[in-house]
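Please look through the sequence and the 3D structure shown below. The briefing that follows starts with the whole protein and then turns to single elements and residues.

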Amino acid sequence: MKFRRKSATDVPDATGTEEAAASADPASSAESVPAGPYDAEALPDDGVERVDLGSLLIGPEEGRELRLQVDESTGNVQSVMLAGADGALELRAFAAPRNGDLWAEVRPQIAADTAQRGGTATEREGRFGTELMCQMKVQRPEGVVTQPSRIVGINGTRWLLRATLLGRPAIDPDNAADWEDVLTRVAVQRGGNPLPVGEPLPLILPDHARRVNPPVS
């Protein structure tokens, strides 16, 4: 796992090695367990050894590297990312009411914020319901480029899982089942503490995480 600046953290046993991938082979259990994302308290016995990141439990995904986005000024983990050769998936979990549709409430807020920053956001119906297709201008060393992203929201038991897809799964959503399948193996650990609706659920660095300095541009 890597944590990047904001920073990069590396967890060796979550990067899709042959040994880790074998223990998390989705084909061996896809027919016998219901699809997630799961509530951690109702996690099925699917044989996947997930990394405990606090509010998120993430299993190894073959060919994808698990990274943590860490704010260097505070040391707080802000999000989890799975990165592969053709794209990436960023995950965050938020406190939500027991009943209701928090995703329906925050979706227009995300669209408005994107528009305010000079981008666009349009709705489409996807595998997990209504999602956002976003286009945002970002500054890169080579100049200003347009970065596409797809934002998926999934309401759970007093939590909302928000997933942002980048790269191929954002550009070609109709052929992104392999990336969407990752969401079906994630578990959210809400905890019993009362939290304001919309509050990010805390993420933690596992003991075996190692820091990787970002490349010098």
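**The protein as a whole**

Of the protein's 217 residues, 46% count as buried, where buried means under 20% relative accessible area, exposed over 50% and partly exposed in between, with a 1.4 Å probe and protein chains only. The model is a predicted one, in which local features need pLDDT of at least 70 and side-chain atom pairs count only at pLDDT 80 or more, while totals for chains, interfaces and linings use all residues. Residues are numbered from 1 along each chain as its sequence is written, and side-chain values use heavy atoms, with hydrogens and water left out.

**Overall make-up**

- The secondary structure comes to four helices and 14 strands, taken as DSSP runs (helices are H or I with at least four residues, strands are E with at least two) and numbered from the N terminus.
- Among the contacts with a separation of 6 or more, 61% are between residues 24 or more positions apart, a contact being heavy atoms within 4.5 Å.
- The protein has an accessible surface of about 11300 Å², and 47% of this belongs to carbon and sulfur atoms; such areas come from the Shrake-Rupley method with a 1.4 Å probe, and for residues only the protein chains shown count as cover.

**Strand 8 and its partners**

- Seven of the nine residues of strand 8 are buried, so this strand is largely enclosed by the rest of the structure.
- Strand 7 (residues 77–83) and strand 8 run antiparallel and are joined by four bridges, where two strands pair if DSSP finds at least two bridges between them.
- A hairpin of three residues links strand 7 to strand 8, and V80 has L91 in strand 8 as its bridge partner.
- Strand 8 also runs antiparallel to strand 12 (residues 159–167), with nine bridges joining them, and the bridge partner of A95 in strand 12 is W159.

**Residue A93**

- A93 is found in strand 8, which covers residues 87–95, and A93 counts as buried at 3% relative accessibility.
- Apart from neighbours within four places in sequence, A93 is in contact with S55, L56, L160, V188, E199, P200 and L201.
- A93 and G153 are 60 residues apart in sequence, and their C-alpha atoms are 9.6 Å apart in space.

**Salt bridges**

- Side chains of opposite charge can pair when their charged atoms come close.
- The count comes to 14 salt bridges, each being a side-chain nitrogen of Lys or Arg within 4 Å of a carboxyl oxygen of Asp or Glu.
- One of them joins the side chains of E65 and R67 at 2.7 Å, N to O, and both E65 and R67 are buried.
- Another joins the side chains of R107 and E123 at 2.9 Å, N to O. Since R107 lies in helix 2 (residues 102–116) and E123 in strand 9 (residues 120–126), the pair ties together parts that are 16 residues apart in sequence. R107 is buried, with a relative accessible area of 12%, whereas E123 is exposed, with a relative accessible area of 51%.
- The side chains of R127 and E180 also meet in a salt bridge, at 3.6 Å, N to O. R127 lies in the loop between strand 9 and strand 10 (129–140) and E180 in helix 4 (residues 177–183), so this pair ties together parts that are 53 residues apart in sequence. R127 is partly exposed, with a relative accessible area of 43%, while E180 counts as buried at 7% relative accessibility.
- Through salt bridges that share partners, R124, R127, E131, R150, D174, E180 and D181 are joined into one network.
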